[in-house]
Amino acid sequence: MTFQVAGLGLDKMKLDSPQSFLDTEEVEEVEDQQLLEPEAWRTYMERRNTLREFLTADLSPHLLKRHHARMQLLKKCSYYIEILPKHLALGDQNSLMLPNTMFQLIDPWKFQRMKKVGTAQTKIQLLLLGDLLEQLDRGRLELDSLLESPDPRPFLAGWGLVEQRLVDLSATMDNFLAMMVPSRLHIKHRLVSDIRATKIPHIRLMLSTKMPVMFDRKESVAHWDWVSLRWFVTVQPAVPEQFELRFKLLEPRTQQECMQCGVIPVAACTFEVHNLLPNRTYKFTVKRAESYTLVYEPWRDSLTLQTSPGPPEGFTPSRLGKLSPPLTAPSER
């Protein structure tokens with residue numbers, strides 16, 4: 001009897017063990033298999049694996065997340081017209097034309113019209129990219145729901161539509177990736193007037209992209225009556241760039257405090273703004289300086305900092321008056 005009781009206890013331990021039961025997914029798979037003939041079941045599993053591989057390799061959540069991040073970055077970029085001469089002028093292949101020389105030949109009024117075309121083309125391209133990304137998101141959700149369907153029979157019956165959906169989503173992904181590349185501007189009219197040059201050059205206009213200018217929020221700090229600012233560009237340009245820094249006091253209380261603002265041209269990525277009011281909040285924005293070739297700049301980074309409420313240690317009251325002169329031009333570091 002002791003042996004039987006011990007055996008019952010052992011059997012109970014086996015029943016309580018999770019290894020004694022099939023996983024929920026395995027149970028569902030067995031139930032699904034009972035709905036189909038063996039050949040149909042093999043076909044179902046092959047097609048199910050095909051769909052799963054597509055979702056894992058070509059339309060994975062990680063990949064879509066990366067594309068969403070790239071899309072957000074593109075919305076913050078600056079867009080310019082880039083002139084690319086072919087260095088060919090009526091058979092003269094040795095004449096090298098620099099962009100500055102090209103601008104002297106281009107009709108200014110026609111170029112302004114092309115800038116408007118570039119602006120419209122950039123906006124349309126960003127809208128199309130957003131729409132293509134939404135299509136990929138919806139396609140991922142639709143295909144996911146097919147994998148989770150409890151009945152394999154509708155899956156097999158509608159496989160032709162599933163295959164077409166995979167083809168469509170692959171084409172959508174190809175279009176999305178192709179539109180990520182800067183595109184050529186479509187020129188309907190000649191930009192160089194005949195009277196401006198004896199040899200009319202061949203010109204290609206491209207839309208180029210520059211990465212956004214962003215504040216370094218760790219290195220940008222506020223002190224008692226001044227702030228130290230630092231910003232960066234993720235892809236460093238080949239030549240130094242010019243920037244425009246703006247600042248203003250938020251919620252000014254007097255007419256004189258309304259003058260606590262300014263626009264400062266900066267030729268570096270660091271700057272100090274002095275003669276600010278203590279214990280007050282200021283807003284700073286930074287962007288590239290205006291360029292003749294700029295066509296679209298939808299975003300600029302902003303930063304809000306609050307100055308310290310009291311003077312630094314070591315300052316005496318007799319010196320405090322010397323620290324509050326009228327607002328003057330800030331100094332570049």
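The largest pocket lies between domain 1 (39-88 + 96-179) and domain 2 (211-307), because both give residues to its lining; the domain bounds come from an automatic or database domain assignment. The model is predicted: local features need pLDDT of at least 70, side-chain atom pairs count only at pLDDT 80 or more, and totals for chains, interfaces and linings use all residues. Residues are numbered from 1 along each chain as its sequence is written, and side-chain values use heavy atoms, without hydrogens and water.

A pocket is an open set of points on a 1 Å grid over the protein atoms alone, where a 1.4 Å probe fits, with protein on both sides within 12 Å along at least five of seven lines; lining residues have an atom within 4 Å of a point. The largest pocket holds about 700 Å³ of space, a volume being the space filled by probe spheres set on points joined across faces, edges and corners. Its lining numbers 25 residues, of which Y80, K210, V239, E241 and T293 are the closest to the centre.

| Class in the lining | Count |
|---|---|
| Nonpolar (Ala, Val, Leu, Ile, Met, Phe, Trp, Tyr, Cys, Pro) | 14 residues |
| Polar (the others, Gly among them) | seven residues |

At least two lining residues each come from β1 (78-85), α5 (99-105) and β2 (203-210); helices (H or I, at least four residues) and strands (E, at least two) are DSSP runs, numbered from the N terminus. Strand β1 gives the largest share, four residues.
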